[in-house]
Amino acid sequence: MRRLICAGNWKMHKTAREAMGFVDAFLPLTGRIPDRVEVVLCPPFTAIAAVARGLNNQTRVQLGAQDMHWERSGAFTGAISGPMLSDLGVKYVIVGHSERREYFGETDETVRLKTAAALEDGLTPIVAVGETLATRESGKTLEHVVAQTRAALRGLSKDHIARIVMAYEPVWAIGTGRNCDPVEANAVMGGIRASVEGLADVPILYGGSVKAENIAEYTAQSDIDGGLVGGASLDPAVFAALCAAAS
Ligand code: PGA
């Protein structure tokens, strides 16, 4: 059975102090989340250390980051490397989120470099792919996400592919309240799974307006192994309810 993961992507929300408040409120609520559900929090860089302190070495909730650079160190003003994240106890890192692709010049090639670097640095990349509304309306969804997936994973060893997590996030569903139909999402995700050898056992998360009220419809599908959650991960009670509903 594949792992079931609920990852909260906080994006550019919460100061370190606010993040600590979240953790204090969230941890007592994790008792009602089934053991099967792996819970991941991805705070902004400036709040990672505070969240790590709040989590205090417990393993129920894992720490993730929202991006990283592919070099380990160097003259890259403003960037954060894999070893810097590992040092703080980070286990996961989102790579290729559509907001990075759209607003920060992320390309298939930088996604590939980051994915490989994360694996080399012992982090689990959550590799995000997804189509815009225009691509969807032109009937090219599968072609597009398969191309993104192949580009991101090109050149990786079998061992490395076995360690990744994929995320399918239709761009038009992110933050819009307009979630993708679970059956449709499942079909696309099956296509992603089949596009590269070794993805059969890799968790694939759905992202895009996931809520406590709809997560179970996704995880009930054959190729959906959890959620990558933005808005609904910002409130401790709301995110705990979502994680609890996933299994
Ligand atoms: P959303 O964001 O849940 O707010 O739609 C998902 C994401 O961007 O990862």
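I looked up the largest pocket and found about 470 Å³ of space in it. A pocket here is an open set of points on a 1 Å grid over the protein atoms alone, where a 1.4 Å probe fits, with protein on both sides within 12 Å along at least five of seven lines. The volume is the space filled by probe spheres set on the points, which are joined across faces, edges and corners.

I note that the model is predicted: local features need pLDDT of at least 70 and side-chain atom pairs pLDDT 80 or more, while totals for chains, interfaces and linings use all residues. Residues are numbered from 1 along each chain as its sequence is written, and side-chain values use heavy atoms, without hydrogens and water.

I listed 20 residues lining the largest pocket; Lys11, Met12, Gln66, Glu99 and Arg100 lie nearest its centre. Lining residues have an atom within 4 Å of a point. Helices H2 (45-55) and H4 (98-103) are the elements that give two or more residues to this lining, and H4 supplies the largest share, five residues. Helices are DSSP runs (H or I, at least four residues) numbered from the N terminus.

I then turned to H5 (residues 108-120) and H7 (residues 141-153), whose axes come within 7 Å and cross at roughly 45°. Axes are lines fitted to C-alpha atoms over the stretch in contact, with angles from 0 to 180 degrees between N-to-C directions.

I recorded that Asp108, Val111, Arg112 and Thr115 in H5 meet Gln148, Ala151, Ala152 and Leu153 in H7, contact meaning heavy atoms within 4.5 Å.
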